[in-house]
Amino acid sequence: MASRVLALVAALLPALAGAVAPLPVREIAPGVHVHVGAVEVWGPANGGDVGNLGFVVGQRCVAVIDTGGSVAIGAALQAAVRRVTDKPVCWVVNTHVHPDHLLGNQAFEAPGTAFVGHHRLPAALGARAPFYLNQLQRDFGSAAAGARFVAPTELVRDTLRLDLGGRALTLRAWPTSHTDGDLTVYDEASGTLFLGDLLFRDHLPVVDGKLKGWLATMAALARLPAARVVPGHGEPSTDWPGVLAPQRAYLEGLAADVRAALKAGWTLGQALERVPLAPAPWRLREDFHVRNVTAAYAELEWED
């Protein structure tokens with residue numbers, strides 16, 4: 001972790017002199033570039049660099065998929081785009097409301113750039129932005145000065161196709177799953193599917209929507225064709241839909257454990273103490289276990 005933080009700080013220091021070092025990206029398919037964030041909790045130690053980000057280059061323009069957990073990360077991503085191409089950014093797509101995926105939007109504000117999100121994203125931002133900004137200012141200090149959320153200017157209710165010039169992306173809005181506003185982005189030219197946080201790898205999945213909804217969405221996702229997928233956290237994969245299996249096993253196990261706790265008459269406090277942590281090799285288990293059990297308990301307590 002220490003070496004990654006030092007590398008990130010070194011990459012961002014040129015901003016003080018008016019130049020931003022490009023965020024490290026790799027081309028996983030022709031014209032498809034991805035930055036893999038640290039598998040850590042969003043915070044000042046990693047500069048907000050924990051979510052996976054990407055961009056797709058067409059003949060006419062570029063689409064960016066998620067922008068990172070701080071304005072500085074967004075600026076470094078923008079510099080990475082500029083290093084690859086001089087084509088304009090036509091769209092910035094936010095896969096969901098969590099700050100590690102959209103706080104970098106400010107870096108992409110420019111005439112001709114539209115911001116795209118799930119039709120529920122504006123309401124989610126309205127409800128959560130004050131909390132997220134308070135957390136940002138508390139934890140990041142002066143690095144958070146001037147930070148604000150950029151709301152979408154185009155909304156996806158079902159599907160939306162974006163034409164980049166000789167290349168099209170299909171965006172799809174999903175029912176409440178990881179959150180109540182998850183989008184996927186499919187690049188038709190390469191068969192690359194950006195899943196946002198509908199897929200976690202290595203990082204423990206985090207329930208912030210509906211557990212049963214997420215399981216149903218995963219079943220639908222598994223039927224989609226894709227040559228490769230980019231999760232919201234963890235490494236991209238060409239093993240589709242096989243890469244869904246560990247997450248499905250964890251979420252099904254969480255549901256089974258919480259249902260057993262409810263059947264046994266455990267209080268929420270007892271469930272938090274007794275429902276076992278996810279098994280290795282999931283990372284950040286201690287950070288998100290309580291949150292997941294709480295969310296599952298509240299949802300499953302009222303199921304028929």
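Predicted model: local features only at pLDDT ≥ 70, side-chain atom pairs only at ≥ 80, totals over all residues.
Local features need pLDDT of at least 70, side-chain atom pairs count only at pLDDT 80 or more, and totals for chains, interfaces and linings use all residues. Numbering starts from 1 along each chain as its sequence is written, and side-chain values use heavy atoms, without hydrogens and water.

**Helix H4.** Helices (H or I, at least four residues) and strands (E, at least two) are DSSP runs, numbered from the N terminus. H4 spans residues 121-140. A kink of about 50° lies at Arg-128, shortly before Pro-130. That bend is the angle between axes fitted to the seven residues ending there and the seven starting there. Gly-141 follows H4 with a positive phi, near 65°.

| H4 span | C-alpha distance, end to end |
|---|---|
| In the model | 24 Å |

The expected span is 1.5 Å times one less than the number of residues. Buried means under 20% relative accessible area, exposed over 50%, partly exposed in between (1.4 Å probe, protein chains only). Buried residues of H4 include Leu-121, Tyr-132 and Phe-140. The buried residues of H4 contact (heavy atoms within 4.5 Å) helix H3 (99-102) and strand S6 (114-118).

**Ala-173.** This residue sits in strand S9 (residues 168-173). Ala-173 is buried because its relative accessible area is 11%. Among its contacts are His-118, Val-156 and Leu-183.

**Disulfide.** The structure holds one disulfide (a pair of cysteine sulfur atoms within 2.5 Å). Cys-61 and Cys-90 form it, with sulfur atoms 2.3 Å apart. The S-S torsion is about -125°, so the disulfide is left-handed. Both cysteines are buried.

Definitions and conventions:
Lists of a residue's contacts leave out its neighbours within four places in sequence.
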